Amino acid sequence: MANDNRKVVLIGTGMVGMSFAYALLNQGACDELVLIDVAAEKAMGEAMDLNHGLAFAPSNMKIKSGDYSDCADADIIVLSAGAAQKPGESRLDLLQRNADIFRSIIGQVTQSGFNGIFLVATNPVDIMTKIVCELSGFNSHRVIGTGTVLDTSRLRYLLGSYFNADPRNIHAYVMGEHGDSEFVPWSQAMFATKPIIDICEESGNDFSVGELEKIAVEVRDAAQKIIKAKKATYYGIGMAMLRITKAIFGNENSVLTVSSMMKGEYGQNGVFAGVPCIVNRNGVRKILTLNLTNKEMEKFNSSCGILEETFGRLNL
């Protein structure tokens with residue numbers, strides 16, 4: 001990956017993609033941004049609109065609309081193209097429609113000579129990330145999905161509110177599918193260095209494990225609540241995409257719950273799911289294996305089973 005010019009190509013200029021692009025511009029997170037969309041005129045208009053704010057940005061950035069030839073020297077290809085999630089529709093319902101869209105994209109990207117990292121945001125993200133890995137033939141450590149990064153952020157925000165604490169001091173994760181079978185391994189949740197379960201047990205009536213489970217449900221159902229209220233979710237996931245991008249460009253070795261392929265971790269093989277991973281300029285350096293309880297392992301295995309069964313329906 002080149003260090004002197006951080007280039008991102010964004011494929012898909014809908015609300016998710018453009019929330020990410022706007023965040024990139026406002027944080028100066030890359031040097032060059034190329035927008036690609038099946039609606040070429042829309043991509044051109046979005047590039048113009050972003051460029052008109054450059055005078056107020058923290059650093060200069062080259063922004064333009066382009067085509068798949070622009071992927072050749074890109075560091076990161078970000079995929080947010082796809083059909084929008086409808087009210088009442090699960091992420092898994094989107095699978096076949098978005099798989100068809102990706103078939104027409106990945107071949108053109110790889111034919112350009114692209115040799116960087118794929119970052120996938122299109123839902124159902126875990127399965128779409130596996131589709132990208134299969135279609136591209138890339139090593140799995142260079143194919144990353146946004147996974148449960150946003151869910152984890154939602155969890156930390158809600159736990160911060162519950163304990164009246166800065167969410168950055170809450171260390172807890174959402175794991176598994178980015179969807180209905182996701183779960184929170186409470187055995188691994190910490191407030192600073194103190195287990196959250198212990199805090200609840202020692203607090204008298206101030207905090208309870210029952211309330212934690214309600215928070216987990218609220219995290220799981222957050223997308224549907226937002227979609228019902230405003231038709232789509234995009235700001236939060238745009239920021240999650242930015243966070244992953246910065247971890248890559250900054251060679252941070254940060255722990256993020258991205259969707260990555262497991263190769264024996266947690267007893268799983270070939271499944272892409274949200275798990276704590278060390279992310280740097282090469283993609284996923286390593287998957288961290290947490291000491292889950294037996295019940296938590298059952299939930300994780302069940303979530304992975306759903307993803308594998310659904311992927312098995314595809315005809316790629």
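Which residues touch the most other members of the largest nonpolar core? In this predicted model, they are Ile11, Leu33, Ile77, Leu79 and Phe118, out of 83 residues in that core. Helix H8, residues 235-249, supplies the largest share of it, with 8 residues. There's also a second, separate core of 18 residues, and Phe163, Cys200, Ala216 and Val219 are among them. If you're new to this, here's the background: in soluble globular proteins, nonpolar side chains tend to be buried together.

Let's zoom in on Ile11. Skip its neighbours within four places in sequence, and you find Ile11 in contact with Ile36, Tyr68, Ile77, Val78, Leu79, Ser80, Ala81, Ile105 and Val109.

Okay, on to a pair of helices. For H3, which is residues 95-111, and H4, the angle is about 35° and the axes are 10 Å apart. The crossing of H3 past H4 is right-handed. On the H3 side, the contact uses Leu95, Asn98, Ala99, Phe102, Arg103, Ile106 and Thr110. H4 brings Ile127, Met128, Ile131, Val132, Leu135 and Ser136. Sort those contact residues by type and you get 9 nonpolar, 3 polar and 1 charged.

Now follow the chain out of H4, into the loop between H4 (125-136) and strand S6 (143-145), where Ser140 sits. So is Ser140 buried or exposed? Its relative accessible area is 7%, under the 20% cut-off, so Ser140 counts as buried. Its side chain makes a polar contact with the side chain of Lys263, at 3.1 Å. Leaving out neighbours within four places in sequence, Ser140 is in contact with Cys133, Met261, Lys263 and Phe272.

Definitions and conventions. Residues numbered from 1 in each chain as written. Predicted model: local features only at pLDDT ≥ 70, side-chain atom pairs only at ≥ 80, totals over all residues. Heavy atoms only, no water. Core = buried A, V, L, I, M, F, W, Y, C linked by side-chain atoms within 4.5 Å. Buried < 20%, exposed > 50% of the residue type's maximum accessible area, 1.4 Å probe, protein only. Helix = DSSP H or I, 4+ residues; strand = E, 2+ residues; numbered from the N terminus. Contact = heavy atoms within 4.5 Å. Polar contact = N/O pair within 3.5 Å; in protein donor to acceptor, adjacent residues only side chain to side chain. Axes fitted to C-alpha atoms, helices over the stretch in contact; angles between N-to-C directions. Left-handed = near helix turned anticlockwise from the far one by under 90°. Nonpolar A, V, L, I, M, F, W, Y, C, P; charged D, E, K, R; others polar.
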